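Biologist: Could you zoom in on the aromatic rings and walk me through how they pair up and what sits around them? Please spell out your cut-offs as you go.

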Amino acid sequence: MDIGKKLKELRLQNDLTLGDLASRSELTKGFLSQVERNLTMPSIATLEDILEALGTNLSEFFHEEPESQIVFSTQDFFVDEQEDYSIEWVIPNAQKNKMEPILLTLHPHKRSQEMESHHGEEFGYVLKGTVTLVRGNKKYRLKAHETFYLDGSRGHYLYNGGSSDAKILWITTPPMF
């Protein structure tokens, strides 16, 4: 851990100058500047004084949360090939999140799994092809670059009546796939 850098970041987050921090911690600006540049290391007692002036403590200062992955590449995807469609889970372990995005490739004259009634919402964006959203006794035709947004109060599915694959970005909350 770069203690000096982290102290400087905390000081700047608190909108304090070196002079402000020096006054609050009863240390000199020169000493604090050297600490921030890692030219000197404060004693534990002095570090506690600096951290108190910054509104934190040793435990919080040294506690580091593991950084979660926020960018995913195709190597992270999991693909489930079915006879009628394939699903690409584009976010690993998305079932632990509040929403679950997938890329659905729906083969010609085939349908997706039926999404049963649930207490959530869904969004879909047709990337390629044409599909029909079947919800109860209603049918909605969508072509490439069109979207759907619905609550999960009634069961529904997608059908590809075309002669080529259709590709849909489909996001559910909570995770349903």
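Modeller: Let's start with W89, which counts as buried at 15% relative accessibility (buried is under 20% relative accessible area, exposed is over 50%, and partly exposed is in between, using a 1.4 Å probe and protein chains only). F78, by contrast, is exposed at 52%. Keep in mind that this is a predicted model, so local features need pLDDT of at least 70 and side-chain atom pairs count only at pLDDT 80 or more, while totals for chains, interfaces and linings use all residues. Residues are numbered from 1 along each chain as its sequence is written, and side-chain values use heavy atoms, with hydrogens and water left out.

Now the pairing itself. A pair of aromatic rings is described by the distance of the centres and the angle of the planes. Here, rings of Phe, Tyr and Trp (its six-membered ring) pair if their centres lie within 6.5 Å; planes under 30 degrees apart are stacked, over 60 edge-to-face, and the rest tilted. That rule gives four aromatic pairs. F61 and F62 make an edge-to-face pair, because their planes sit at 85° with the centres 5.0 Å apart. F61 is buried, with 1% relative accessible area, whereas F62 is partly exposed at 40%. F78 and W89 have centres 5.7 Å apart and planes at 40°, so that pair is tilted. This pair links distant parts of the chain, 11 residues apart, with F78 in strand β1 (78–81) and W89 in strand β2 (85–89); strands are DSSP runs of E, at least two residues long, and helices are runs of H or I, at least four, numbered from the N terminus.

K6 lies over the face of F61, 4.9 Å from the ring centre. Over Y157, the charged end of R111 sits 3.7 Å from the centre of the ring.

Next, the nonpolar surroundings. A nonpolar core is a set of buried Ala, Val, Leu, Ile, Met, Phe, Trp, Tyr and Cys residues joined through side-chain atoms within 4.5 Å. The largest has 17 residues, and those touching the most other members are L104, V131, F148, L158, I168 and W170. At least two residues of this core come from each of β2, β3 (100–106), β6 (130–135), β8 (147–151) and β10 (166–173). Leaving aside neighbours within four places in sequence, L104 is in contact (heavy atoms within 4.5 Å) with residues including Y85, L158, I168 and W170.

H156 lies in strand β9 and is buried, with a relative accessible area of 0%. Its side chain makes a polar contact with the side chain of E122 at 2.8 Å (a pair of N or O atoms within 3.5 Å; within protein, one must be able to donate a hydrogen and the other to accept it, and residues adjacent in sequence count only if both atoms are side-chain atoms). The backbone oxygen of R154 is 2.9 Å from a polar atom of the H156 side chain.

How values were computed. A charge sits over a ring if NZ of Lys or CZ of Arg is within 6 Å of the ring centre and within 35 degrees of the ring normal.
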